[in-house]
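Subject: Structure handover

Hello,

Here is the structure for you to take over. My notes on what was found follow it.

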Amino acid sequence: MDDEALRCPICNDFRENSQHNQTLNHQFYFAKFSYNEYRKALISDRHGVRLNVTPEPLNNFQFDFTYYKGKYTTKVSPEQLRLHNSTITYKCTIQNARHDAIYITSTNIIHPSSYFNAIHPHVFGEDRSSFIRLQQGEQYTFRVKFQTDILARASYKIPLTCDIQTETIDKKEKSFTIVRSFLTIVEAQGKKNEKKGKSPFTSQSWKDVTKTVPTTKELPYQDKYPIPRKYMKILTYGIGSYTGIKQTEEDTLRSLSQLVSHLTKENYNRFWHVVLWLEERAQALMLMKFNMQAVTMTLRDDDVLILVVPGLAEKRPSVIVGDFIRIRITNDHTAYKGFVGAVNEKTVEISHVDDELLEYIRENPNIELDVAFMMSRLAFERMHAAVDKIVSSGLVAKLFPVERRLPRSTNVHPLDNSQLFNKTIANNPEQKNAVDKIVNNIQDIPYIVFGPPGTGKTITIVEAILQIKKRTKKRILVCAPANSACDMLAIKLIAHCTTQELIRINSSTRERTTITEELKDYSNMEDDEFTKIAIDQLLSYRIVVTTLTLIGRYAKDFRPDCVFIDEAAQASEPESDIAIALAGVGKQVVLAGDPKQLGPMVTKSAEKFGLGKSLLERLMEYEVYQINRTTRSYDTHFITMLRLNFRSHPRILEIPNNLFYNDLLQPVSRIAQQDPIANIPIYPKIASSCNNQGQAIEFCAISAKEQKEGSSPSFFNLPEAEMVVKYVRALVNLPLVEAYKVRLDQIGVVTPYKRQVFKIKEELMYKGYQDVEVGTTESFQGREKRIIIISTVRAQHSLLLHDRKYNLGFVKNDQRFNVAISRAISKLIVIGNTPVLRTDHKWNRFIQACTEHDTCFGHKLENSSNVFKTDVVRRTKRFKSKDDQYHN
């Protein structure tokens, strides 16, 4: 039986014996489950019993107090709360409106809280004598008190249960529970909840278009691998069945499902063709959601259309230079295809549109137009061609290393320390070993440089490239998935290469202002524009640096002797194949990356079938690349794991090292360990409290609830954004000596959601802190900052959140967690919601570490110890998920 089938669906623990349901953990989670499952049915007054709640204001102050669907909501500003001694008291009255007596057997907040407390004039117990008996018309009054010493934007929630017994004519007791929640929202005056704006997009398809006039721009590719028409509907449903499926379609679905069930040498190109078509279809369907209707465009320079597109900065829609846009006069049957020449923050520039449409817009500048976004198929065409070439050339065997065959060793280039270009490598045994193995051995399978965060992966492969260039006449191809990684490689290489030896090839669609000045002389730039390099010119260079997709332009004639792929864990397998396919059988392939960090960005549809797993990650599943558990080492003939971490303070490295790297990493950064900021607690500077002890890691608990804006799926959290600003202010105002004073550009703010990126940027800019870099986890991959602040965003104000029902999304992703917490050099600050983060073992581990080092601040952390669980179970003992009155 599958191990997962043995797990309890309530508590997620293994059912080890028949007494499992009696364990404390199961009872605790069952209490949470019952509350969440049945709460909505229990919020109303019923069976003649009423619960009334009103706040008790001081000095006749009127609270913003509302009741809706079992929830009492109080909104108050920090200043108002201060004037009320940081306290709000609620008067709670249970009234018997029946014709007979009732018993109140218990009433209490459902779990221990640092902010809410029920105050009773009576002590409830287990026996009947401790119950309160109310005759007809009588009532019982008690109070719930809210109090906090944190006068900042936040929200607090607690459930209250009232357990009631009634007596019927036959003297049989019947029980039921009334449940209500208290929600106290502390927010600054003048701050309004974000309004939900109407989406400007329509997901309507253009089924009535009978003619499409092509763009006047010559396409850089031919459609050799279009999606087969017979697959279109099946791919639309994610290679799944659908209503009204025909027998022939069912047969096709069965065949495709069997094909993509497992990748093998035998089905390699056919497997990837189908998965790439699936990805292409999924991306097209996502773009279709952003079709726009009845919009207007402005004309610039008489032939460029300017379209305003809300959400561009959030990549909603995701449009890049080189994509296409179809335009039609609203509801017309003829569409015109244009080329995306530039993407700005709020607008798209569309060129190479047929003059017939341009002329009509010139004459009718206010004409309403419909717009449909289309992605370029260039990358897909090159990936399709590459997987075919991998098979036809016999390279496919190289990608399925089932045998451990020792590499061919030349041993003609002994690696002497004096000959190293980067002398620091002499003191790093793993880096030096990797360079030696790459230079002096030719493997039949790819050589892997496994580079965890801060271990100098790029430095290692740059040294190997320069050694090969110096010692041989081999032609070297150096690739990465993104321009930024290619630029970094090229910058490190040009220090030892002439402009005749190395070329950094850029796409003609790349914005020329994004390349650094030092690379321009080494690039394909002429007259401030990127030009296409002819193959005979390309062959004159020893080293070619470019992206994986772009090198596919030279697939026909370019044959490198060595292929290096940096950041290989971020590339999908077919994307890596574009570069690998250029090398013949017996040529050298080196992959550098870390599968424990972010992988390829693909749709969920294709991710299920392996497109989200890089070639590097798949290869490392083979025995030849795996760690020997006895010796705790890798076979360096095929793979080297870099172990010296030059980036992070030991305390910061401790958790990712243990969770992802078998505790093999060694922190060696003197800068991090000597930085005084690692020993200064920051939150006490915000709260003006005394705390002289500090650590490199710090957690600030926020009580709040995540939000969304309009139709955007991206979450944001304003209390966390405001806390980020407070941390930045405290950091730059630290009284440190000049050499250690915190500069804004030394601070990085990482958050998993684009909407939160914009909220934080707005808050920082308003305070004059715009030089602080704010970005998503993806934007910080491969980067480092002296100080990293993480805003985790996801939050609920209910401690009774049922873990199994709450999808943490990005926050629960292992790779994103690893990247986020491993960017910091000297100080890592996490801002988040304790109940939510504790549902994930990695974040819980971080919070626990901060607790142990006394660096947990902010809102008090409600304990999840056995004492806490026992108290919750005890308090919910009389909780009736269903009324006895309904079950006679």
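Two strands count as paired if DSSP finds at least two bridges between them. The model is a predicted one, and the notes below should be read with that in mind.

**The sheet**

Strand S21 (residues 447-450) and S29 run parallel and are joined by 3 bridges. Val 449 has Thr 640 in S29 as its bridge partner. Both strands belong to an open sheet of 7 strands with parallel pairing, in the order S23-S26-S22-S27-S28-S21-S29. At its edges are strand S23 (502-504) and strand S29 (639-641), each of which pairs on one side only. On average, neighbouring strands of the sheet are turned by 15° against each other, direction ignored.

Helix H8 (residues 429-440) packs on this sheet and touches S21, strand S27 (562-565), strand S28 (588-593) and S29. The direction of H8 makes about 165° with that of S21. Helix H14 (residues 573-580) lies across strand S22 (476-480), S27 and S28, and runs at about 150° to S27.

**Thr 546**

Thr 546 sits in strand S26 (residues 543-547). Is this residue, Thr 546, buried or exposed? Its relative accessibility is 1%, so Thr 546 counts as buried, the cut-off being under 20%. The side chain of Thr 546 reaches the backbone oxygen of Ile 505 at 3.0 Å. Neighbours within four places in sequence left aside, the contacts of Thr 546 include Leu 477, Val 478, Cys 479 and Ala 480, and also Cys 486, Arg 504, Ile 505 and Ile 551.

The axes of helix H17 (residues 650-660) and helix H24 (residues 841-852) come within 11 Å and cross at roughly 145°. The crossing of H17 and H24 is right-handed. From H17, the contact is made by Ile 655, Asn 658, Leu 659 and Phe 660; from H24, by His 841, Lys 842, Arg 845, Phe 846 and Ala 849. These residues divide into 5 nonpolar, 2 polar and 2 charged.

Helix H22 (residues 814-821) has 6 of its 8 residues buried, so H22 is largely enclosed by the rest of the structure. The buried residues in H22 are Arg 816, Phe 817, Asn 818, Val 819, Ala 820 and Ile 821. They pack against both H17 and H24, as well as strand S35 (747-750), strand S37 (785-791) and strand S38 (824-832). At the start of H22, a side-chain oxygen of Asn 813 reaches to within 2.9 Å of the backbone nitrogen of Gln 815.

Regards

Key:
Residues numbered from 1 in each chain as written. Predicted model: local features only at pLDDT ≥ 70, side-chain atom pairs only at ≥ 80, totals over all residues. Heavy atoms only, no water. Helix = DSSP H or I, 4+ residues; strand = E, 2+ residues; numbered from the N terminus. Axes fitted to C-alpha atoms, helices over the stretch in contact; angles between N-to-C directions. Contact = heavy atoms within 4.5 Å. Left-handed = near helix turned anticlockwise from the far one by under 90°. Nonpolar A, V, L, I, M, F, W, Y, C, P; charged D, E, K, R; others polar. Buried < 20%, exposed > 50% of the residue type's maximum accessible area, 1.4 Å probe, protein only. Polar contact = N/O pair within 3.5 Å; in protein donor to acceptor, adjacent residues only side chain to side chain.
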